[in-house]
Each structure stands twice: as structure tokens, then as C-alpha cells.
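Hello,

Below is the structure we discussed handing over. My notes on it follow.

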Amino acid sequence: MLYKSVANISQNIDNIPSYLKDDIMALLQQVSRYMLRPLSVLNGKIVNVSACKYNLLQQYLEFFRQYPAIARVYLAGSALTEECRDKSDLDFLIVIKDGVDMDTFIRDTPFEEVGYDDYIFVTSNEWEQYCASPKQSSAFYWNVLNKGCLYMRATEEAAFGCTPPKTG
């Protein structure tokens, strides 16, 4: 909502007295840098992300899509809040398809091409186990399940959104 309000003010800047324009535009740039902005992921679903990480998150989405070994990617942490800043890292849980050698995948995948952020890797089977017993999961997994969002899934026809995978 705030993002749309800032966009409306920016579009109507000609209606603001000239002596205020520079100050208002400077303030809008500061405010808009850290508010949430809608990011469209596959199938047109929207995830609200920090505007300061918007372009990088689009790059990550394209990067992750290149690797068929990736079953799902979850985004968690400050990137989903207005607390995110330029120096904040991105927190990803990357679910690797069962049967893929995880060590080889991690070694051979050039994550540094996109950025040096936080990546946690689990197999699909491990992730399903965590989802089945969330009370026994680590704090990071709990955060992904309760506050994170599904950012990418291997197949385009799959559902996207901020809900953990269903089990059972």
C-alpha cells in the first residue's frame, strides 16, 4: 500500500509547489528504497520483498531456474520486511532433489556469480521430515515455515506462495 502511495506522489509531482519538489523527491527516494515491493514469481504469484533487494532477487530467480537439481527455494529473513537494508544478506533455503549428490552440486554451482548470501541446503526428503515435525526443527527452519515464502519451485505448473509444503 505504501509503495502505491509513493508511486502516486511521484507521478503527480507536477502538482506540488516547486519549492517543495526537491525535498519531497529526496524523501520519497529514501522511503521507497526500504519499503516492500511486489515481486512476481512464476505463475504470476506475488511475493512482497524489500525494494532495496528487488533487482538482486530477480537475478536470483533467473539463476535458480537454471539448475534442474533444485526442487524448491524458500526466501526468509529481512528481505521480506521493511527492516531490510542494502547491507542485509538474503536467506535462502534451497531444497535439492533426492538422488542428487549435494556436495557435487554445491561445489559445481557458481552461487558467487549472483551474490554472497546465506544458503542452507537440504534434500527434498530432509525438508519433508522438517515439515512433518516443525517443533523439532532448528530456528531457521521454523522461520522458513512460519515467516518465509516459497520463492521458486522446479515445475512451472506448481503452486507458488507463502505457504510451506503440505505433508501427510
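Overview

Of the protein's 168 residues, 40% count as buried. Please keep in mind that this is a predicted model.

The protein has six helices and six strands. Read from the N terminus, the order of elements is α-α-β-β-α-β-β-α-β-α-α-β. Among contacts with a separation of 6 or more, 62% are between residues 24 or more positions apart. The accessible surface comes to about 9800 Å², and carbon and sulfur atoms account for 49% of that area.

Nonpolar cores

The largest nonpolar core has 29 residues. Phe64, Ile70, Leu75, Phe92, Ile94 and Tyr151 have the most contacts inside this core. Two or more core residues come from each of these elements: helices H3 (54-65) and H4 (102-108), and strands E2 (46-50), E3 (70-76), E4 (91-96), E5 (118-123) and E6 (149-153). H3 gives the largest share, six residues.

Setting aside neighbours within four places in sequence, Phe64 is in contact with Ile70, Val73, Phe92, Ile94, Phe111, Tyr151 and Met152.

Another core, of twelve residues, lies apart from the largest one. Its members include Ala71, Cys131, Leu145 and Leu150.

Regards

Key: Residues numbered from 1 in each chain as written. Predicted model: local features only at pLDDT ≥ 70, side-chain atom pairs only at ≥ 80, totals over all residues. Heavy atoms only, no water. Helix = DSSP H or I, 4+ residues; strand = E, 2+ residues; numbered from the N terminus. Buried < 20%, exposed > 50% of the residue type's maximum accessible area, 1.4 Å probe, protein only. Contact = heavy atoms within 4.5 Å. Areas by Shrake-Rupley, 256 points an atom, 1.4 Å probe, with all protein chains shown as cover. Core = buried A, V, L, I, M, F, W, Y, C linked by side-chain atoms within 4.5 Å.
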